[in-house]
Amino acid sequence: MIDFELTPEQKEAVEAAHKIAEELFRPISRYYDEHEHESPKELIDTLWAKRQEGGSFGGLDMTAALRTEEICWGDAGLYLCSPSPGLGGAAVFASGTPEQLQRFLGNYNEGGPKWGAMAMTEAGCGSDTSAITTTAVRDGDEWVLNGEKIFVTYGKKAIVDSKGFVVVWATVDKSAGRAGMKPFVVPAGTPGARVEKMEKKLGIRASDTVTIVFDNCRIPFENILGSPEVRKIDKSGTAGFKKAMATFDVTRPLIAAQALGVGRAALDFVKEALEKEGIEIHYGLPRHKLTALERDIMDMEANYKAAKLLMLRAFSLMAQMLPNSLEASMAKAKAGLAVTKITQKAVEIMGPLGYSRKYLLEKWMRDGKINDIFEGTGQINMLVVARRVLDYSREQLK
Amino acid sequence: MISFSPTEEQQMIVTMVKQFANDEMRKIYRECDESGEIPARVIDTAWGLGLVSTSISEEHGGLGGEHSAITGALIAEELAWGDLSMTMHILCPALMVYPVLEMGTEEQKKKYLPAFCQEKYKAATAALIEPRFGFDPYSLSTTATLKDGSYVLKGQKCYVPLAADAELLLVYAAEKGKSQGFIIEKGTRGLEVGEREKNMGIRALATYEISLKDCHIPKENRLGGDKGCDFERIMNCFRVALSAMAVGVAKAAFEYSRDYAKERVAFGEPIAARQAIAFMLAEMAIEVDATRLMNWEAAWKLDRKEEATKEASLAKNYADDMVLIVTDRAVQVLGGHGYIREHPVELWLRNGRGFATFDGMAIV
């Protein structure tokens, strides 16, 4: 039955997350935006403690996405500082063995705060992940990794500040293209893995984005996720690669949820300001009777709604164990565009109040933009959607 | 719990309607658009599916099925995928049936509903839009004044579908500044049906301008009697119905241009293999889906009898833009061929352009 009612648990989760966002994230939002690379230690400890109590905001389901939206309504940069298995964890979930799940994720319920990062992008390749040059060479019971990864979200927190891990994508056979690409878990403290550079960014400044260099970095053989075999099943890819991409079916709608949080923050800000001025939005009026402002607000709200429903649909399919690659990419593409549009319009509408660093709106515009870029740019997601609706392979639609 | 899956029953209705749209409507829609006529046979067949009559309560001759805006939206989308003119013609009696069913007095239900439970199609319609710049359904120029125990209606309406054939017309008029519905029977003095209108799109649908010249109707013909009607809810039901139809038209255009793009070869490969085309199609797919989901949410609110103006308006405005963009892109994907009447996309563009105008021409 078509239904838009959250379950009582979901409502509770949203409320609790909103409270955390309001009380813990918003008050320190501006500070950590202006103090890039400073770690919000107190927040991290609080969040970790909450996680241990079972009030975590990890997870990869619809409830997690709803929570994520609320937290990102608070602050999207600080959200990315939340200790959790994160994107690396998603990869372990997607293709790890039960033993690996236990070994890599088992300690996320004990000890100090931890993160699980994902290292895919290289200086020479972003979306074209099959062009990865980082190598993994087997040497007896070990893999030896060599290469350089950039734009690793919370990479420093994962392997320098904590006892977390980073999932590194490397090729075991360059001639095999995508088929040779495998994920490896590199735990914190592994010799030969070092964080080199912390990026200075447009937004989400509270989150560290780093370069990690792997210099004869040795990890146990068992740290490969999935099969070490290179199987060329067909031209379009291998089971291993597809599994890797399956991670995106979860993470992309989660990014959509992040985008929605930022977008709604901006929308709420504008609507509150208008309310204070006594300006009402007359939803039911015919279009020619709407003011330009009303049209803008309605357009922003509709875009928010459109993206949100696409996001919820992607999770709904996932919960039913149905394929959702198309829907996940639709949600991500739409949400990235929506948050960009909403926040930029909000800054415009608010004029000097929008542009001033006295308020958070300008920050949200900077923060929101990342959602149109990471986990696949809007264009890459459009490409995925296009291939799916056309039933085209990568070779047929490049 | 959040869910985007229609019930099994809804799924069955969708399958049935889709088949009708494919087997009947899609066979003749071009011919109908050119001739301006829809064969009565098709309308009767559609009526036989019981899409409208099913929800009329048993005591008034129907099957007493649930009247649901979501189901209505699902039906409207599938029909409109087949053809918009025919959809509006087929569902036109609902413009009278649903408001009476939901808001009519017991007498009104008894008097008017049984006629719509017959096998044969019976035309009824509603008149909302007025032929003037700046038309606003909340501030109608057509007026209804109570005088000596009967209402006197004055004004002009346009885009009244099937007005010439309709046995009953539900005319919306301002009574003391508030929009209310008034039931007018065919042949009532003062009701004048003008020439059939000539429109850019929906050319197979017969629409008319009507004039109300001191048209006297009994006091009992006010929709909902003394209580009147919930005009806001009616507006929202219009919005959801039209948005669903916009989704149907857009989906048709998307599918057709997608298939064309895969067949049409240029520079040695299908044009769909080019990102310039592929991205247009991806955007169309996303927007069609997004609009459908937004509209479902509005319909869901209506079914729960909740205030739905915000959701329905957002969905309707979004759908108006979406259908225009999607049908326009479809013409663009076909290039010169899209402009030729041998392909349907130009028809969908003409029909799609109308949604921003069609207030009150369809209801769920």
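How many residues does H10(A) have, and how far does it reach from its first C-alpha to its last? H10(A) has 26 residues and spans 37 Å, close to the 38 Å expected at 1.5 Å a residue. That expected span is 1.5 Å times one less than the number of residues. Helices here are DSSP runs of H or I with at least four residues, strands are runs of E with at least two, and both are numbered from the N terminus.

Some ground rules. This is a predicted model, where local features need pLDDT of at least 70, side-chain atom pairs count only at pLDDT 80 or more, and totals for chains, interfaces and linings use all residues. Residues are numbered from 1 along each chain as its sequence is written, while chains are lettered from A and ligands numbered from 1 in the order in which they are written.

Back to H10(A). Is it enclosed or open? Of its 26 residues, 21 are buried, so H10(A) is largely enclosed by the rest of the structure. Buried means 20 or more other C-beta atoms within 10 Å of the residue's own; exposed means 12 or fewer; partly exposed is in between; the C-beta atoms are placed from the backbone. Just after H10(A) comes A:Gly351, with a positive phi of about 60°.

Now the two chains together. Their contact takes 34 residues from chain A and 38 residues from chain B. Contact means C-beta atoms, placed from the backbone, within 7 Å. On the chain A side, H9 (292-319), H10 (325-350) and H13 (378-390) each supply at least two residues. H9(A) gives the largest share, ten residues. By class, the chain A side has 21 nonpolar, five polar and eight charged residues. Nonpolar covers Ala, Val, Leu, Ile, Met, Phe, Trp, Tyr, Cys and Pro; charged covers Asp, Glu, Lys and Arg; the others, Gly among them, are polar.

One residue to look at here is B:Ser313, in helix H9 (residues 309-334) of chain B. It touches A:Tyr283, A:Gly284 and B:Arg239, not counting residues up to four places away in sequence. B:Arg239 is 74 residues apart from B:Ser313 along the chain, yet their C-alpha atoms are separated by 6.8 Å. B:Ser313 counts as buried because it has 26 C-beta neighbours inside 10 Å.

Next, the domains of chain B. There are domain 1 (8-117), domain 2 (124-227) and domain 3 (231-356), with bounds from an automatic or database domain assignment. Over C-alpha atoms, the centres of domain 1 and domain 3 of chain B are 22 Å apart. In their contact, 17 residues of domain 1 of chain B meet 20 residues of domain 3 of chain B. On the domain 1 side, H3(B) provides the largest share, ten residues.

H3(B) also packs with helix H8 (residues 275-303) of chain B, at an angle of about 145° and with axes 7 Å apart. Axes are lines fitted to C-alpha atoms, for helices over the stretch in contact, and angles run from 0 to 180 degrees between N-to-C directions. From H3(B), B:Ala69, B:Ile70 and B:Ala73 take part; their partners in H8(B) include B:Trp296 and B:Trp300.

Last, the strands. E2 (residues 143-147) and E3 (residues 150-161) of chain B pair antiparallel over five bridges; pairing needs at least two DSSP bridges. B:Lys147 stands opposite B:Ser150. Two residues lie between these strands, and B:Asp148 in that hairpin has a positive phi near 50°. E3(B) also pairs antiparallel with E7(B) (residues 207-218), over nine bridges. There, B:Pro161 has B:Thr207 as its bridge partner.

How values were computed: Two residues are in contact if their C-beta atoms, placed from the backbone, lie within 7 Å.
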